[in-house]
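Hello,

The sequence and the structure are below. My notes on a few parts of the structure follow.

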Amino acid sequence: MVTIRQIAEETGFSIATVSFVLNGKGDARSISPATQKAIRAAAQRLGYRPSLPARALRSGKNQQMRVIGLYFSADYRSSMMNRFTNGLWACPLCQKPDISLAIVPYQVGRLSQNRELKSLTRFHGVILCNMSDPDMQYLEASRPSMPAVLYNRTLKNYPSVVVDNAQIGRTAAEVFFRHRRRHAAVLTNTVEHTHSYLDTRTRAFLKACTACGMLTRPPCLCGNLYEDGYRGASALLESDGIDCLFCTSDTLAYGAMRAILDRGRRIPQDIEVLSAGNGDPQQAAYAWPSLSHILIPIEAMAQECFRLVMEQIDRRPERPEQICLPTRYIPRESCGG
């Protein structure tokens, strides 16, 4: 087993300095970012394991317990977290008695301020969800001290589980084209610290629409709540007519459908509505009208994330595995299904 003393010998720093860094106290002790990065890199390279078993033994707990941290943004994506955790609870591997799962809410754009990612005192591995571009830049420059898996994001040297966001946009355009729609619009959110995967969906949708000969307009940008979808769709309806609307989330689609109906327009006869299905599938099925969406397999993605983080903990494979799961179109009333 690799010790702090061995890491100190490898890096040339004192045992105290190495201990402070690996326990997440580097910033508090004014240890330079370069020194902290070098120590964490050496710990990763040498295969240093967290000191959790020793701490668990001292507390009388099962010393074989493996603790996984699930980092999920504390914002409007609560329905996504429900689906993610439901997927984990349905995974037999996650139900083993030696596995403990801790949900860690964090503020998007401020992942770098989380002390536990810089420490080896709480988690054996982490699953990181919903990161913004600044969060991704932080992860690229400063790798966490423990094994980490990314959900629906990709970075070199990190294992990840994703969907093809460009294909989601293309599928939406293809559905509208098959239904003989000709005037397309897209509603997406432009929240501070959002991530470019939404732009990928939007650009792919508009490009595919143009290739099919459909007329498009610049994306309508709004917030990420139901009321934002309502306001965004209302603004679209005040301009030239549209006959189909793609929303980059279920939440925006529900608000948009209410705006369309409030203005006396019919769904799907006058306007078809289709979304990227990141919300509750039952809500989409029982809404009125029911919402057609391209279902993102969040539950299956959660299980793959868990499998990857356990592989990182137990075997530390040389190459990070990157998995892309398929999405599928679910036709419902909002698209004439």
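Gln312 is found in helix α12, residues 298-314; helices (H or I, at least four residues) and strands (E, at least two) are DSSP runs, numbered from the N terminus. This is a predicted model, in which local features need pLDDT of at least 70 and side-chain atom pairs count only at pLDDT 80 or more, while totals for chains, interfaces and linings use all residues. Residues are numbered from 1 along each chain as its sequence is written, and side-chain values use heavy atoms, with hydrogens and water left out.

Gln312 has a relative accessible area of 11%, so Gln312 is buried (under 20% relative accessible area; exposed is over 50%, partly exposed in between; 1.4 Å probe, protein chains only). Leaving aside residues up to four places away in sequence, Gln312 touches Pro147, Pro159 and Pro317; contact means heavy atoms within 4.5 Å.

Ser160 belongs to strand β5, residues 160-163. Ser160 counts as buried because its relative accessibility is 0%. Beyond residues up to four places away in sequence, the contacts of Ser160 include Leu308, Glu321 and Ile323.

Helix α7 covers residues 165-178 and has 14 residues. From first C-alpha to last, α7 reaches 20 Å, close to the 20 Å expected at 1.5 Å a residue (1.5 Å times one less than the number of residues). Among the buried residues of α7 are Ile168, Ala172 and Phe176. What covers the buried residues of α7 includes β5, α8 and β9. After α7 comes Arg180, with a positive phi near 65°.

Regards
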